[in-house]
Amino acid sequence: MQSVNPIQLANIKRIQDALHNGRLVLFVGAGVSKNSGVPMWGELIEKMKSELPESLRNEKDDLKLAQLYKDSRGEKEYLEMVMKTLCHNKVIPNPIHKELLALNPVHIVTTNYDDLIEQEIRNEYKQFTVVRGDKDMPNMTYPNALIKMHGDYTLGNIVLAENDYYNYPRTFALTRAFVQSLFASKLILFVGFSFADINLKMILNDVKNILEERMQPVYMLSLNKPDEVTQKYFENKGINILYLEDYEERTLLSYVKEIGEEHKIKDSYGRKLYRYLKIIEKYDSNVTDDIITYVYNKVSPYQDEIKVYGSGLKYLFPSYIDCIYEHSDGFQSNIEYFNNLEKRLKTFTGRKTFIKKYGIKTCREFIRFAYYNYLHSIDECTILGNNFWIHIKDYIPCTVSEFLSDFDFEAFENRLKELSSRQPTGTLEDMEYPYAFYKIGSYYKAYQEFDKILPMAWKRQKYILYFLCLYNMWSLRFAIKSELLWSCKKTIDWKPIYEKLSEIDLYDTLSKLPIPQEIRKIFYDLLANRYIGNKAVESEELKEKVHQQRKLAERGGISINSNIIALIAKYQREKLFSQRNFVLSDFNKYDKAICRNTVSGILNSYATKNQCDDESKFFYSTKIESLDSQMLAILIFGLETKELREVFRQYEIYSIDIDEDGKQYITKCINNLHKKVFVRYQTQPIMDSVKNLIYIIGRCTSIDIDVSALYEVVDIMWGINQQRYELENFLNVVIDSHSPTPEFAMQFLYKLLDDKNGKDRYEYNNIVKELCKVISKGNLKIENIEHYISQGISDFNMLPLYSITPDVDKMKLIEYGKTSFQKCWFPLYVEFMHKTQTVPDSPEEFEERLNNGKNRIESNNAIACKYLAEWKKDERYKELWNIIDNYRDKNDCLQFFCDPINYVHPEKVEIDWITVCSPDIIKELMTKAVYSEKFKTYISDSRINPQCRRVLMAIF
């Protein structure tokens, strides 16, 4: 690297900066077309000389010769001769044309008459307005233009003869003015011109006379080494000559990943020109064999504006690294650098040398960079070891996202106070304050705060921060509309805000901002949803692999893979990008797909059977045995409550195990909610996460939790009407898993019974049933049952309430029950009458109920038939025996319960007939193979309630 002339390196760097910032304009001369077979200027003039009188053949003025030829032959013959000599319609673009477009010039200006550049523009699907004359100038529809400053065959306005140059200021007035303006505002690079090119000299003289010292830097690619006199001549014209010695060219090309289509160019000078252009496109001035230094130099200038690069991290590595791809713990580069680094860092001396080389400050910054970008390891080199995770708080400051993930709203509010009093610094940290309001669902407030940062970022030339802020505001447009539209206050008109934000053109803004090309690519990926869209697709694929793994395990197969680990890693990468950049990239359908796929993958993996015994641990099904805090947080914050419940149902999961880390996390969350600060944030995102936490606690039977704190939170959520309707769907499961105190249960039961809108709801009945179990175990009794009888009691609640009714009031409930049960609810009626040891008032009423409830019996007949069979042995029900006998003759289930041991059609027996039998009967039935197989199949089914499974296993 030291052998390359530093002046030439500086020239290349300036051209690259212009390329990346949309300021590069290419001036293309005849040397480019030559490689497609188009003759040069001299060859054209010689052809004209050969057709003029002998006396003119010694004329040295080329322009005069062209004028004489034109005057003598006429306009038509002159133009045809030029077109024929310069091979019009007989040539195609060469690789140099393709490489010119690869430099992404904002404009291309050419003195060539041919259409080779136009052809290549079409080949590359680029959008350039082609300007062939002044009449085309007003029609420049695209931001990029191809300016044919010396005319075109199509219009027949080529500039070649003497009078053409004299009249140029008049015939190409608009074109000339536009070209001159480029020298004032853009960086100009001449390609395909020689030192003796007459067009080059005229252009520079024209511009120099007008702009003088105001002219922007101008560069010229030279394939021949200029002598000192020529160098000085062009310096006086304002041109910097880019010329590389052969050894310099080889040195720079060694860092270019690919040479491309050089082999298609026959001319040696053409190949050299192609290589020069390739160096400008691909050479990295920061390149070094020390990749850590390289990456650090890339990110350090902007680390106060962006911390997480997501999949765009690959843009920050040297181009000579052929393949960089993500894995579940970081990146894979397949180069020896990181493997060698790992070997050095294993020794004390190696670590000491490393720290001495880079310094403690840089090492700490690199560790933070690795954390933010999920670089736990690269290849075999561990970046974030155990020591980091133990002391993570010393490296990584907590933000509002961390407080919210723990439901620590007290710390969240303290952080908000700090942020509100903090002076803006023009750094990424300014974004945390509005981002906090976004996280709690206060979208209009978030927009207001982002709007304050935007002009400040622009004023301080923090263009990355400016773009992220603008992107966030644009992303909020629909949420602001919805929030203000449904707001109770209606004091703010959402329409002007929505229309203003909808008009933001992020692509146009991004194309004009002077930011590094690597970051520009990341932001283009962000706008196109390319990064998060790919993550969504990949997460879908991994979710499906986890599902197939489960199916394989159910068939007795095994697999070793890291699908679930990779899936969680993709989720975490996406969250880091949004949470640590304070950018709303998680506010779209792709993020929701990633969340849904990750939650599905976690639960699917957890539900996967492990087919191997302890002696063959190597060959095991890669699955989640228990959930840790990270997985629990994904479940809690990844989906809305309704979706989360659907996923649990989809994968037939009724209980989950959590490890010690997960238990500590759940306990911390409940303790933080118990402080009741969350009540001030009743936005849907917060409420959904609280409900999800309660739902998951209901599925965790192994955790020892503070039930008083839990049910105070439940009580608060129940008091919020919008949240009650979702909570009622699963609160019974929570009560069954973690019983509240009998006193709370009684108090909550009164709330349910007094709720007139809920008394006939199936979900309420399930909660009442569980509450009555708790109350009954606590030996408490319900007061004033007559009050609730007068209001009307749900059929489903009769028996649970009977269990906690004082003895003196039980007869009142029985008398009410005799007549209150709907005719169709025959199984409920039979169960109530049986357990209260009550005989129907008349056989006629019983038979009527039986006939009306036959459909219900057929769909839920086991328990009813069991009690009817027992009534056949009880003298108190003697008047009903004939009715029961008649029904038995038609019903297999009742026949079974009348004599289960000797039942003659065991193949007809359904599993729920067996499970409602007494333990003694079940044990005797298990001596028969047909029953035993049905029972084994049932208790191995993952859909069975875990508590029920344990009871049945004990019997079996």
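In this predicted model, F412, R415, L416, L419 and S420 of helix α22 are in contact with E432, Y433, A436 and F437 of helix α23. Helix α22 covers residues 409-421 and helix α23 covers residues 432-439; their axes lie 9 Å apart and form an angle of about 145 degrees. The crossing of α22 and α23 is left-handed.

This pair belongs to a protein chain that contains 54 helices and eleven strands. The chain has a radius of gyration of 40 Å, whereas the globule rule gives 30 Å for 956 residues; the value is well over that expectation, so the chain is more spread out than a compact globule. Taken along the principal axes, the box filled by its C-alpha atoms is roughly 145 × 70 × 65 Å.

Of the 956 residues, 53% count as buried. The accessible surface of the chain amounts to about 44700 Å², and carbon and sulfur atoms contribute 49% of it. Among contacts with a separation of 6 or more, 70% are made by residues 24 or more positions apart in the chain.

Which residues is T175 in contact with, leaving aside its neighbours within four places in sequence? They are V131, G133, D134, M137, I147, M149 and Y168.

Most residues other than glycine have a negative phi. C87, however, has a phi near 60 degrees, a positive value in a residue other than glycine. C87 lies in the loop that runs between α5 (75-85) and α6 (95-102). For K676, phi is likewise positive, near 70 degrees, and this residue too is not glycine. K676 is located in the loop between α35 (660-673) and α36 (684-699). Is K676 buried, partly exposed or exposed? Its relative accessibility is 40%, which falls between the limits of 20% and 50%, so K676 counts as partly exposed.

Note on methods
Residues are numbered from 1 along each chain as its sequence is written. This is a predicted model: local features need pLDDT of at least 70, side-chain atom pairs count only at pLDDT 80 or more; totals for chains, interfaces and linings use all residues. Side-chain values use heavy atoms; hydrogens and water are left out. Axes are lines fitted to C-alpha atoms, for helices over the stretch in contact, and angles run from 0 to 180 degrees between N-to-C directions. Helices (H or I, at least four residues) and strands (E, at least two) are DSSP runs, numbered from the N terminus. A crossing is left-handed if the near helix is turned anticlockwise from the far one by less than a right angle, and right-handed if clockwise. Contact means heavy atoms within 4.5 Å. The radius of gyration is taken over C-alpha atoms; the globule rule is 2.2 Å times the number of residues to the power 0.38. Buried means under 20% relative accessible area, exposed over 50%, partly exposed in between (1.4 Å probe, protein chains only). Accessible areas come from the Shrake-Rupley method with a 1.4 Å probe; for residues, only the protein chains shown count as cover.
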